[in-house]
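Hi there,

Here is the structure I promised to pass on. My notes follow below it, so please have a look and read on.

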Amino acid sequence: TGTPFEEIINANAQFINPRMFTERLARLQGQVCFVQIPGGGGTGFLVGPDLVLTNEHVMRRVSDNQASASDVTCLFDYQTDAQGRALPRKKITKVGLDIAGWLVDELPPSAHDWEPDLPGDAGDRELDYGLIRLAEEVGSLPVGGDTTDLEASDRPRGWIDTTADAPATAAGSLIFLLQHPEGDPLQLSIGTVTEINQAGTRLRYDANSKYGSSGSPCFNADLQLVALHHARDPQSPPQWNQAIPLNKIRAAWQTNAVFVPD
């Protein structure tokens with residue numbers, strides 16, 4: 001029959017339904033925020049109507065009393081248009097922390113996280129996450145509010161479901177990071193998973209990030225949440241970025257009796 005002109009090259013790279021991708025991406029953009037902290041900050045994302053998941057090290061300034069919880073603001077809908085200009089009809093939604101109970105759960109990073117080799121010794125209690133509670137159930141409210149935002153509707157903003165097992169991720173899989181690099185408006189970076197440690201507690205990839213990207217959600221090609229971005233290669237030029245697999249975080253929540261809604 002002759003030699004075929006096309007072939008599958010990477011078994012872990014899949015075809016993407018463009019309509020599904022763009023519709024889901026549009027919704028996810030409203031669920032990611034910049035966690036603005038005096039002297040620091042990072043990215044976070046809604047996993048409940050008033051729950052944001054980010055990194056423990058992002059919130060450490062507050063935990064160590066170097067910054068006050070009352071001065072922390074989560075900025076939602078912090079975006080620009082296709083030309084990089086501010087959206088004139090888009091209202092940035094600012095939500096503070098629940099001062100009385102802002103910290104729901106956390107685990108620290110590992111001392112091995114910034115080693116050149118993949119940190120095989122990073123354990124199940126070294127997951128560098130901080131689950132924080134907002135002062136308002138912003139996930140139950142519509143995007144846009146009382147502005148003339150063309151995307152505003154009565155539909156709630158929603159949140160990313162973390163109650164189901166995350167899909168398996170393998171080296172060679174595409175990975176997408178929604179992030180606020182250097183505190184800038186929301187950006188998307190795309191890369192490939194390069195390696196996963198034997199314990200399944202860390203994965204590395206070549207998608208770009210910068211300071212302020214810590215706490216970004218990592219998605220697969222179907223924009224399903226698979227990991228929490230938290231670290232980068234300290235060398236210059238950097239060779240890798242790194243994340244905590246979602247399933248490890250879910251297991252820790254079960255151990256710690258943390259309830260996260262679907």
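How many aromatic pairs does a search of the whole structure find? The search finds two, where rings of Phe, Tyr and Trp (its six-membered ring) count as a pair if their centres lie within 6.5 Å, and planes under 30 degrees apart are called stacked, over 60 edge-to-face and the rest tilted. One of them is formed by Tyr129 and Trp253, an edge-to-face pair with 6.1 Å from centre to centre and 85° between the planes. This pair links distant parts of the chain, with Tyr129 in strand 7 and Trp253 in helix 3 (residues 246–255), 124 residues apart. Both Tyr129 and Trp253 are buried; buried means under 20% relative accessible area, exposed over 50%, and partly exposed in between (1.4 Å probe, protein chains only). Helices (H or I, at least four residues) and strands (E, at least two) are DSSP runs, numbered from the N terminus.

Before going further, a word on the source: this is a predicted model, in which local features need pLDDT of at least 70 and side-chain atom pairs count only at pLDDT 80 or more, while totals for chains, interfaces and linings use all residues. Residues are numbered from 1 along each chain as its sequence is written, and side-chain values use heavy atoms, with hydrogens and water left out.

Now to the charged side chains. The whole-structure search gives seven salt bridges, each being a side-chain nitrogen of Lys or Arg within 4 Å of a carboxyl oxygen of Asp or Glu.

- Arg60 with Glu56, whose closest N and O atoms are 2.5 Å apart. Both residues lie in helix 2 (residues 56–63), four residues apart, about one turn of the helix. Arg60 counts as partly exposed because its relative accessibility is 31%, whereas Glu56, at 10%, counts as buried.
- Lys248 with Asp124, at 3.4 Å between the closest N and O atoms. Here too distant parts of the chain are linked: Lys248 is in helix 3 and Asp124 in the loop between strand 6 and strand 7, 124 residues apart.
- Asp165 with Arg250, at 2.7 Å, N to O. Asp165 sits in the loop between strand 7 and strand 8 and Arg250 in helix 3, so this pair ties together parts that are 85 residues apart in sequence. Asp165 is exposed at 61% relative accessibility, but Arg250 is buried at 11%.

There is also a negative surface patch, made up of Glu115, Asp117, Asp121 and Glu195. Patch residues have over 30% relative accessible area and no salt bridge, with like charges joined within 9 Å and nonpolar side chains (Val, Leu, Ile, Met, Phe, Trp, Tyr) within 5 Å. Glu115 is found in the loop between strand 6 (103–107) and strand 7 (129–133), and its relative accessibility of 34% is why it counts as partly exposed.

A few backbone details may interest you as well. Ser236 and Pro237 are joined by a cis peptide bond, with omega of about 0°; Pro237 is in the loop between strand 12 (225–232) and strand 13 (241–245). Glu182 is not a glycine, yet has a positive phi of about 55°, and lies in the loop between strand 8 (174–179) and strand 9 (187–196). Leu223, also not a glycine, has a positive phi of about 55°. Its place is the loop between strand 11 (217–219) and strand 12, where Leu223 is buried with a relative accessible area of 1%.

Best wishes

Conventions. Areas by Shrake-Rupley, 256 points an atom, 1.4 Å probe, with all protein chains shown as cover. Lys, Arg positive; Asp, Glu negative; His and termini not counted. Charge placed at Lys NZ, Arg CZ, Asp CG, Glu CD.
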